[in-house]
Every structure is written in C-alpha cells, then in structure tokens.
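I opened this entry to look up a few packing arrangements. I take strands and then helices.

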Amino acid sequence: MIKMPKIHTGKLSLISAVLIWLALLFVDITRIFGELNQLGTGISPAYSYALEILFFITVYIFYDYTINTNKNSEFLELIWRGASTGLLALTVSLIIRGLYFLLGDGRLAVDPLLRNFFYHVNFALITIFLISTMILWRKLILYQKTKRIVQQWQAFEIILLISMFFVFFNNNSLDYSFLFGMVFMFIFSISLSVNLKWIPYLTFKEKWKSILFLVIILICSIYLFFQLLAYSDSDLMFVNLTDNLFLIALFSFVFIYSLFSLLVTLFNLPTSSVFEQKLTEAINFQRLSQSIKPGQSENQVLDILIDSCMSASYADAGWIEILDSNLGLQVVHRRSIKEIERAKVQTYVETTHPFEEFKWDNPKNEYKVYSGRISQNGFSSALMLPLVTNHQTFGRIFLLKEVKEGFNKEMLNIISTFVGQACISVENHRLLNEAIKNERYKEELKIAQRVQRSLLPDTLHHDEYFEICGFSEAADEVGGDYYETHQLKEHEFAVIIGDVSGKGTSAAFNMSQMKGVFQSLVQMDPNPREFMIKANKALSSCLERQLFITATYLIINTLKKTIKFSRAGHCPTLYYDAKLKRCDYLTIDGMGLGIIRTNVYEDYVHEKTINFNPKDMIVLFTDGLVEASNDQREEFGYERLRDLIEDHHEKAPEEIQKLIIQRVFDFIGTNQTLDDDYSLMIIKFL
C-alpha cells in the first residue's frame, strides 16, 4: 500500500502564492514587451485577472493557516503582526520611491518594464498586508463568538470572494456598479467593526502599545491607499491590478476597524486601572479559594491574604498577627514596613485605642471592619479586620496608608470578602488536618484492636471432662475485658475473667497489664486467694489511683471434680446444677484489685471450693452483658440470664453463647449498641 505524503498547507500555499505571482509578473511583462515592440502576444487581460484572483486565494489560505495554527496568540501580538506587515509594505514602497527619486529623469525612470516590475512588487505587498490584517481582525472580532457575529462574518467573506470576480464584469473601470459595491462593502465593514469586546481585557500598558500599533496600521493603510490611487492615474500600467473592488473593500475594512479600535482603546484608558484592579481582585479571590491543596498550610493562605488585601486597598504597609495559645500574639507576615516601625505603630495603637471596640473573645467578630486615624511613622489611616474561624478569633490583619481616610467603601467590601474567604480556607485546612489526624488515629486504633485481640487466647485449655468457649466484644475499638485459661497440671486448669474499669485505650492498656500479672503468677501455682492477694500487690504499683480491676479466678480439678474460686469485686458466677436442674449465682465476697493498696486487702479476699457433677455448667461474664439496656432504660439483668441458662442447659457451650448474645441484642434492639465491653465464658462438664 502506497503511503501518501502528508500535505503541509502552509508551505504549499506559500509556494503556490510565489509561483502564481511570478506567473502574473511574467504574463504582464510579456504583454507589455509585445505592445512596446508591436508584437501580437495573444494574451488576454483575463489571464492576468485569473492569476490575480488565484494569488488572493493562496495568500488568504497561507495566512489563515499560519494565524489559526498559533491559537495562543495574545491580542497585542495579533495587532503587532498587522503593524509589522504594514511597515514592511510601507518601507518597500518608500525604498522604491526613493530609488525613482535618485533616477530622476533618466531612461530607467520611465522604463515601462522596470516600472511594472516594481508595480507588481507593491501590488503583492499591499495584498499581503490587507489579507493578513483582515484575518487578524477576524480573530479579534470572533473573540467572544455569538451565532449572529459568526454568520455576519461568514457573509462578509462570501461577499469578499464575489468581489474578487467583479473585475471580469467591469474590467476595473470606476462605473456605478463599482461605486455601489464600494459603498456596500464600506457599510458592511462598519457593522463588523463595532465588535471590540477584546479591548477591555488589555492592561493599561498593553492599551498604550496597542494604540501605537494601531496608529502604525492606520498610517500604512492611508499611505498605501494613496499609493494605489497614484498607480491608477499612471499611464504606464498596461494591466491595472489595483483598481480592484476586493482590494478597495479590504482597505476600507482594515482602516475602519483600526480606527474604531484606536478610538475605543483611547476612551477605555481612564477606566483601565479600575478594570485591572477588579481583574486582580478576581484572581486573588480565586487563589484564596483554591489555596487549600495537599502540601499547603495556613501560613501560605495568610501570605496570599496579605498580598491580596494590600493590592485591593493600595495600602502602603500591612501585617498579620496570629494568637497562639502557647506563644501569644505572633506576627506571621509583614509587608512594606520594618519590624521597628511596626512595633512603634503597634504601641501607638495600643495606647490611643483607635480600635477600642475590638475584643478577642467577641463571638461576633466575623466580617467586622475596624478603621481609625493614626499619626505615626508617616501613616495617617489604619484598617484592622479580625480573622475568625468557628466563631473564634485566631488573628487579625492590619493595613496602613499614608493618606487620611484612605480606605473607601469599595475597598472595605473586597477586603472583607478576601478575609472571609481566607478564614474559610483556614478552617477547611484545619478540618482537613483534623480529618487526616482522625484517619491516623483510626489506623492506630485498628492496630491496637488487632494487638488486643492477640492478647485474648485463640484456644482455651481443657480436657475430656469439660467443654469451654469464650467470647469478648469491645464497646469501642478496644476494650478492657479479659479472659484466659492455663493448664497447671494434667487434670488441673486455671481460669480467669476480668474487667478493667473504664473503656477505650486506657482500659485496653491495663487489660494487657492484667494479662502479664496472670501469666507470671500462674507459673507459681497459687490457690485462688493467694492469686488475688499477689495480683492486687502487683497491680497497685502500676494502676492509676482512680482505676481498679474486677476479676474471678477459678482452679478446676477434673480428677477430684472440684472448683476452687475467689472473686475480686467481679460479677457473680452463674452455676447450673444438673441434679437439681436449677441455676444459682455463687455467693462469695471480694473487693476489686487496686481499690485497697495495702496489706489490709487480705482481709477482703475469700476462697471457696465446690464439687461439680456431669452436665453441670459454669457461666462467667462481665457486667456489660447484664447491664445492657433497651430504649426504656431497662437492663437485661441477672434473672433473664439465669432463666435463659435453665431453659437451654442441654445445648453445647457454643450454642448457648450465641443464644445469649442474640437474646441480649433482641432485648436492647437491633439498632442499639452496648454501652460497655462484654465478655462471656461457658464451661460445661461432661
């Protein structure tokens, strides 16, 4: 498959325009040479007109492509391109005129071939200037497109295309049809030239430059137009290319649009500074609105704020103060004033109290503006605005001017808007930081939760004489409930369940301490009373004064079928007696670990031993289970738990465990959550 080469429109149209111009020059020079030597060339003027039209079209295609390709051209750059092309055509025309001036009355001065060569050069440059400038003006006219303007311009281009072929009907004679066409094109040019919406977007400096460039274009247009008229009056032109309706229409359009642009730009000069100020304010407001991004800080927001406020108010100096809870009042940004001068002004303000109504703790400081007169270091007027987030004043901005009453109403409005937006940005920044911090806390709590779950046993020790299961759930991410087992001898097992006072991370930390105490003491194989005494002594040295731990400790001997146990302020143990087919709570006194931190604690610790039989059951739990309450604040209670065990004692421990949890949640409501950690251990003897 043959791959077609890519056609470059710009280069192709440029080469075509040059070749067509050379062909036009050759045809006209040949005709002139034949007429001078009375030789019949047989070349009709229609050939020249056809080549002229092709030249117009190729030049249009070239500039249409090159100008539209550069989509980022600024207004000033477009006007300069038109001015530079006009200067080129004007310069070449003046050089030719200077050359003929130097030739004087010599033979070359009247040579028709040389004259026609320079005529074709001027014709080409005038065409290039007019067509390129017309396309530049099109880009300005269509800056803010509407359907009406686009249709109007398309109609104008169609009329220009038709005017190219008008030469075949009147042979460049100035008849009534030519004059009618000129008037029509003149009126159409005026209707297009009122589209000048691009001018207000020029800065004050750009408007002065555009005025200069437009003056250059007008001068070039006037000179080249009169140059064209001079050629029309000359008898040395055998084929007149310049008395063309298309060129005359372009002259009128380029001149009228340049003149209108010049006048409107001049009239806009007095308001340029105001427009620039409003544009700057809009940009600054946008910067403040977008100032909260990843990696940015409050300090950057306040930096934008001080610059924006000083620009909007034309302030001569300013600074921002932030009230830090640790460092006090801090100056974070200062503009156009030295610290020594600022301190003097600050002292003057604190002494004379021009802003005496301002109070740091006033919840209504938001959008307040305090203005006053001062007389210090050359400054005569001052403005102060509080910086408020969430109804709390965290700072204030000072603006100073060297003139009296230098802040007008419009300035105050825009500065208040800037301050309000900056405060919103600061608050958003703080909320963002808080959200990030909360996310980090959540991740840390998830880690703590995994760590705490690893502290609870995966398997509970037992032998063939009993079954055991355990379950624990924290009210928060982490909790303070604890249970574990340990095999002391072949048929002897230690079982513990505990509950740390409080909830959350502190309870989880103390729960880990309880685990460490259990793991250490159980190696010594103490009886339940000794375990409680030693555990109280160990925990008293590490628990905070207001904290304590409740616990129940059991030693189960499956050969002797005995249970020894002690209770340290924990929930009573529920015991099901299979022979009596009845549930009762084991009664034994005991005080929580860490409540009494002396040897007196021994007087409050007791131990009890009971015998068990097959099918008997022990239920150990924490108070979060029985204290679970419903919407009427009624607790699940000990009686419901006892009745539940009596009704379902024949089931396996895992089934009973699931049933208890299900009943508790049915009682409190499926949409409710437990207020406290809850744990449960069930031991069933076989």
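I started with strand 9 (residues 549-557) and strand 10 (residues 562-568), which are joined by six bridges and run antiparallel. The model is predicted. Within the pair I picked out Ile 555, which stands opposite Lys 564 in strand 10.

Next I looked up the sheet around this pair. I read the order as 7-8-9-10-13, five strands in an open sheet with antiparallel pairing. Strand 7 (481-489) and strand 13 (608-611) are at the edges. Each has a single partner strand, so one side of each is left without a neighbour in the sheet.

Last, I turned to a helix pair. Helix 4 (residues 112-141) packs against helix 5 (residues 147-164) at an angle of about 165°. Their axes are 11 Å apart. Angles over 145 degrees count as roughly antiparallel, and helix 4 and helix 5 are therefore roughly antiparallel to each other. I logged the crossing of helix 4 past helix 5 as right-handed.

Which residues meet there, between helix 4 and helix 5? From helix 4 I listed Met 134, Arg 138 and Ile 141. They meet Ile 149, Trp 153, Glu 157 and Leu 160 in helix 5. I sorted the residues of this contact into five nonpolar, two charged and no polar.

Conventions. Residues numbered from 1 in each chain as written. Predicted model: local features only at pLDDT ≥ 70, side-chain atom pairs only at ≥ 80, totals over all residues. Heavy atoms only, no water. Axes fitted to C-alpha atoms, helices over the stretch in contact; angles between N-to-C directions. Helix = DSSP H or I, 4+ residues; strand = E, 2+ residues; numbered from the N terminus. Parallel < 35°, antiparallel > 145°, perpendicular 65-115°, else oblique. Left-handed = near helix turned anticlockwise from the far one by under 90°. Contact = heavy atoms within 4.5 Å. Nonpolar A, V, L, I, M, F, W, Y, C, P; charged D, E, K, R; others polar. Pairing = 2+ DSSP bridges.
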